[in-house]
Amino acid sequence: MQKEKQLQQLQHIEEKLRKLISRYTEVQQKLAQAQEEVKHLEGLLEEKEQQIKNFQNQENIVKIVDTIAGNTANSTELKLKLNEYIREIDKCIAYLQD
């Protein structure tokens, strides 16, 4: 009788241990997914920050052009040329990041 009770207790402990291991595995998987999502979001954040810097640089250049340019014809031509340079620089940056 005593051995049967001990065997039942042991089986009960084994069942709880299996459940605990199963929960642990689930939590580990969720943690790994969360860490991957954090890395993905950090990458997106870095990309958006870079875009903001690019826009700020473009805005600063436009302000400089507006200040320097005396007449409308020179201003438009200068803006077009600077925009062309900015696009080329953006392409170079993108190429270097890859």
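A pocket is, on a 1 Å grid over the protein atoms alone, an open set of points where a 1.4 Å probe fits, with protein on both sides within 12 Å along at least five of seven lines, and its lining residues have an atom within 4 Å of a point. Grid points are joined across faces, edges and corners, and a volume is the space filled by probe spheres set on the points.

This is a predicted model, in which local features need pLDDT of at least 70 and side-chain atom pairs count only at pLDDT 80 or more, while totals for chains, interfaces and linings use all residues. Residues are numbered from 1 along each chain as its sequence is written, and side-chain values use heavy atoms, with hydrogens and water left out.

**Overall architecture**

The protein chain has two helices and zero strands; helices (H or I, at least four residues) and strands (E, at least two) are DSSP runs, numbered from the N terminus. Helix α1 covers residues 2–68, and helix α2 covers 72–97. Of the 98 residues in the protein chain, 5% are buried. Here buried means under 20% relative accessible area, exposed means over 50%, and partly exposed lies in between (1.4 Å probe, protein chains only). The accessible surface of the chain comes to about 9300 Å², and carbon and sulfur atoms hold 56% of this surface. Such areas come from the Shrake-Rupley method with a 1.4 Å probe; for residues, only the protein chains shown count as cover.

L82 belongs to helix α2. Its C-alpha lies 8.4 Å from that of V62, although L82 and V62 are 20 residues apart in sequence. L82 counts as partly exposed because its relative accessibility is 23%.

**The largest pocket**

The largest pocket has a volume of about 230 Å³. Its lining consists of G43, E46, E47, E49, Q50, Q51, K53, N54, D90, I93, A94 and Q97. Both α1 and α2 supply at least two residues of this lining, and α1 gives the most, with eight residues. By class, the lining has two nonpolar, five polar and five charged residues. In this classification, Ala, Val, Leu, Ile, Met, Phe, Trp, Tyr, Cys and Pro count as nonpolar, Asp, Glu, Lys and Arg as charged, and the others, Gly among them, as polar.

**Salt bridges**

The structure holds three salt bridges, each defined as a side-chain nitrogen of Lys or Arg within 4 Å of a carboxyl oxygen of Asp or Glu.

| Pair | Closest N and O atoms |
|---|---|
| E14 and R18 | 3.9 Å |
| E15 and R18 | 3.8 Å |
| K91 and E88 | 3.8 Å |

In helix α1, E14 and R18 are separated by about one helical turn because they are four residues apart. E15 and R18, three residues apart in α1, are likewise separated by about one helical turn. E14 is partly exposed at 35% relative accessibility, as is E15 at 37%, whereas R18 is exposed at 52%.

The remaining pair lies in helix α2, where K91 and E88 are three residues apart and therefore separated by about one helical turn. K91 is exposed, with a relative accessible area of 54%, and E88 is partly exposed, with 43%. Salt bridges that share partners join E14, E15 and R18 into one network.

**A nonpolar surface patch**

L17, L20 and I21 make a nonpolar surface patch of about 300 Å². Patches are made of residues with over 30% relative accessible area and no salt bridge, with like charges joined within 9 Å and nonpolar side chains (Val, Leu, Ile, Met, Phe, Trp, Tyr) within 5 Å. L17 is found in helix α1 and is partly exposed, with a relative accessible area of 47%.
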